[in-house]
Amino acid sequence: MIPGGGQPNMQQLLQQAQQMQQDLQRAQEELANTEVDGQAGGGLVQATVTGAGELRGLKIDPKAVDPEDTETLADLIVAAVQAANENAQALQQQKLGPLAQGLGGGSGIPGLPF
């Protein structure tokens, strides 16, 4: 219900929507430029991804390399990348969650990961 029974100020609503869109775009750009890390094997393998989930780097301690057991190394790499992506998702929720709530709730908005 609108106080006084008047119509909503469409110009004000449009400005608010544009501001929210700008805030969301700014947060997405910040995520794309922020790097987060994940590790496995007590730090033997470390993965770096952007806040948007793009793999940027992978460090493998020579102690993790056993030519006779490449499966374990592969498992450590997968685990490190998964850990980094989980950290990226947490960062996305932190940065984009409040903006999504302002758009009418967090779930069900196409293109947002939550």
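User: What makes the set that includes V36, V45, V49, L76, A80 and L96 a nonpolar core?

Analyst: In this predicted model, the largest nonpolar core has 16 residues, and V36, V45, V49, L76, A80 and L96 have the most contacts inside it. The name applies because the members of such a core are buried residues of nonpolar types joined through side-chain atoms within 4.5 Å.

User: Which elements supply at least two residues of this core, and which gives the most?

Analyst: At least two residues come from each of α1 (10-33), β1 (35-40), β2 (45-50) and α2 (70-102). The greatest contribution, seven residues, is that of α2.

User: Why is A32 called partly exposed?

Analyst: A32, which is found in helix α1, has a relative accessible area of 30%. Buried requires under 20% and exposed over 50%; A32 therefore falls in between and is partly exposed.

User: What is A32 in contact with, leaving aside its neighbours within four places in sequence?

Analyst: A32 is in contact with T50, A52 and R56, where contact requires heavy atoms within 4.5 Å. For T50, the C-alpha to C-alpha separation from A32 is 5.6 Å, although the two residues are 18 apart in sequence.

User: Which residues make a nonpolar surface patch with V65?

Analyst: L58 and I60 make this patch together with V65, and its area is about 230 Å².

Terms used: Residues numbered from 1 in each chain as written. Predicted model: local features only at pLDDT ≥ 70, side-chain atom pairs only at ≥ 80, totals over all residues. Heavy atoms only, no water. Buried < 20%, exposed > 50% of the residue type's maximum accessible area, 1.4 Å probe, protein only. Helix = DSSP H or I, 4+ residues; strand = E, 2+ residues; numbered from the N terminus. Patch = residues over 30% accessible without salt bridge, like charges linked within 9 Å, V, L, I, M, F, W, Y side chains within 5 Å. Areas by Shrake-Rupley, 256 points an atom, 1.4 Å probe, with all protein chains shown as cover. Salt bridge = Lys/Arg side-chain N within 4 Å of Asp/Glu carboxyl O.
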